[in-house]
Amino acid sequence: MAYLTQFPAWTKLTEHRQQWFGAQLRDLFQEDESRFEKFSLQLDDFLLDISKHFITEETLSLLLQLANEATLPAWTNKMLAGDKINHTESRAALHIALRNKSKRPMLVDGLDVMPSVNRVLRQMRHFSDAVRTGQLTGFTGKKFTDVVNIGVGGSDLGTAMVCEALDPYASKDINVHFLSNIDGNHFQQITRHLNPETTLFIVASKTFTTQETMVNAETARLWLVNLIGDSQAVTDHFVAISSNIGAATKFGVAKENIFELWDWVGGRFSLWSAIGLPIALYVGMDHFEDFLAGACEMDEHFLTADYRNNLPVMMAMLGVWYINFFDVRAHAVLPYDQQLRGLPAYLCQAEMESNGKGVDRQGKPADYLTSPIVFGDAGTDGQHSFYQLLHQGTQFTTSDFIVAARPSHNMESHHEILISNYFAQTEAFMNGRGENEAIKSLKQQGYDDKMIKSLLPYKIFSGNKPSTSIMYKQLDPKTLGKLIALYEHKIFVQGVIWNINSFDQMGVELGKELARSIQAEIHDEKQVTSHDSSTNGLINYYKKLRGN
């Protein structure tokens, strides 16, 4: 495969970029009043507005030419066929099979995985229904009131985000908690007010060896046994989501309460699997199935829509346009929905762990930028935090604004203020405020000419900050499934364009390996000398502060 920078479309895009120096987004709208209609896409009630970007039809045509030259159609077919596109780990990346509602077989190594996927879904329904109705109880016969998911990374972030987002659909009888940090404070914060007799623990680890997860699981087991006073209680209070059945049963989990995972599902793409069991327990399996159905609808759209009208493809190629031709290093995800406040953190992992790579599929250094830094917060909190930098800072960033037309609550006046800010911020990012507008505003506030001259430089906003607007009717399980699948496919497309493996995470391992060796060194009082002077000094100072 040719290097990305050698494709004809890359050369054309580099030349096309020159046309945008000095361009103003506001001028594009003045020149073409139909710009919104031309550059907004829909899937049912799901709207993607990309009109506030430095694009013309020529721009999009060149970007799609680049996608084709990078053989995006062929890579999509490889993913769909269950080929081992995760080549460094020799695995398929077939998470779309987990929400496959069509009759299409999904093959891995020549075998249709759909029977096993559907079997686990039936197991999840049976278990979640039994817990929610009180048919399945704890060791002392009491109904479960709290579920603690013990996981980290892909076994934590996605499910926690979805449970928070779907809170309006949740059972009032079950609370969910997510224990991920190895810091003992996290364990104590979660268990402080829990009753062990009514607490169910889910240990989510594909290998059942993840250090943070297993240390927390062992601590939870000790906590449970000490407070209930019988080690037999473990069987009734622990379930496992893992491919390591032997280790899970040795821990004390009953075989019927072990939910299978497969190596063709990457952790950060796994919330559609049994990793989503906390979701099913919290909102019910019917809503979880709706969540899967929404994702499946986005899958079918991605697989069948022409690229010009394909929401994930257009989002992905816009990212490539800015990252590789405008040198954008940071991208903000800004959900104007308190229920989606966990989405930026989830996408931090999904995007940066997937495409934060500097080596291509041939093992050669990439001579172009890949994943940007992803960050964000719920509106309007973010407006009183980092929006200052977005509006007037020296960093050129891009943004996604996300909102529902209808809130999940009945406080309509609150939603009117929220969505007014949503509209205002995208407009302000685009238009900014020029000198004349700033002077007019200061005069209206009663400032005299001397004060206006003094304040004027601080009141000018350059604007010209591109943003994508996403809007839908209401945040329900199906819509949330569409939204997450949209970003998953965007990540896949960008990985194809950048010729990197989006499905491994080698960079996660180095720190863990070093931590294991350091852990042995901090158990004695000897001075550590085996590292660089800074690390040695930090470890030795820690030992001094720790004392005996």
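## Pockets, cavities and sheets

The second largest cavity has a volume of about 40 Å³. Keep in mind as you explore that this is a predicted model. Around that cavity sit L98, V117, V120, L121, M124, W262, W272, S273 and A274. By class, this lining counts eight nonpolar residues, one polar residue and no charged ones.

Across the whole structure, a search turns up five cavities of 30 Å³ or more. The largest cavity holds about 170 Å³ of space. Its lining is made of 16 residues, and M315, G319, H331, T398 and K490 are the closest to the centre. Helix 14 (311–325), strand 12 (398–404) and helix 20 (477–497) each bring at least two residues to this lining. Helix 14 has the largest share, with five residues. In terms of class, the lining of the largest cavity divides into six nonpolar, seven polar and three charged residues.

Now for the open spaces. The largest pocket has a volume of about 880 Å³. It is lined by 37 residues, of which T210, G267, Q505, E509 and K512 are the closest to its centre. Helix 9 (211–228), helix 15 (343–355) and helix 21 (509–521) each supply at least two residues of that lining. Its classes come to 11 nonpolar, 16 polar and 10 charged residues.

The second largest pocket has a volume of about 310 Å³. Among its 18 lining residues, D337, Q338, H409, H415 and L418 lie nearest the centre. Helix 17 (residues 412–431) gives the most to this lining, namely five residues. By class, the second largest pocket is lined by six nonpolar, 10 polar and two charged residues.

| Space | Volume | Lining by class |
|---|---|---|
| Largest pocket | about 880 Å³ | 11 nonpolar, 16 polar, 10 charged residues |
| Second largest pocket | about 310 Å³ | six nonpolar, 10 polar, two charged residues |
| Largest cavity | about 170 Å³ | six nonpolar, seven polar, three charged residues |
| Second largest cavity | about 40 Å³ | eight nonpolar, one polar, no charged residues |

Six strands form an open sheet in the order 1-2-13-12-10-11, and their pairing is mixed. Strand 1 (40–43) and strand 11 (373–376) are the edge strands, each pairing on one side only. From one strand to the next, the twist averages 15°. Within this sheet, strand 2 (residues 46–49) and strand 13 (residues 467–472) pair in the antiparallel sense over three bridges. In that pair, L48 stands opposite I470 of strand 13.

Helix 14 links this sheet to the largest cavity in our tour: the helix supplies five residues of the cavity lining, and it lies across strand 1, strand 2, strand 12 and strand 13. Helix 14 runs at about 145° to strand 1.

Elsewhere, strand 8 (residues 238–241) has partners in strand 7 and strand 9. Strand 7 (residues 199–204) runs parallel to strand 8, joined by four bridges, and F201 stands opposite F238. Strand 9 (residues 258–259) is also parallel to strand 8, with two bridges, and here A240 stands opposite I258. Both faces of strand 8 are covered, with F238 and A240 buried on one side and V239 and I241 buried on the other.

How values were computed: Residues numbered from 1 in each chain as written. Predicted model: local features only at pLDDT ≥ 70, side-chain atom pairs only at ≥ 80, totals over all residues. Heavy atoms only, no water. 1 Å grid on protein atoms, 1.4 Å probe; cavity = no way out; pocket = protein on both sides within 12 Å on 5 of 7 lines; lining within 4 Å. Points joined across faces, edges and corners; volume = space filled by probe spheres on them. Nonpolar A, V, L, I, M, F, W, Y, C, P; charged D, E, K, R; others polar. Pairing = 2+ DSSP bridges. Axes fitted to C-alpha atoms, helices over the stretch in contact; angles between N-to-C directions. Contact = heavy atoms within 4.5 Å. Buried < 20%, exposed > 50% of the residue type's maximum accessible area, 1.4 Å probe, protein only.
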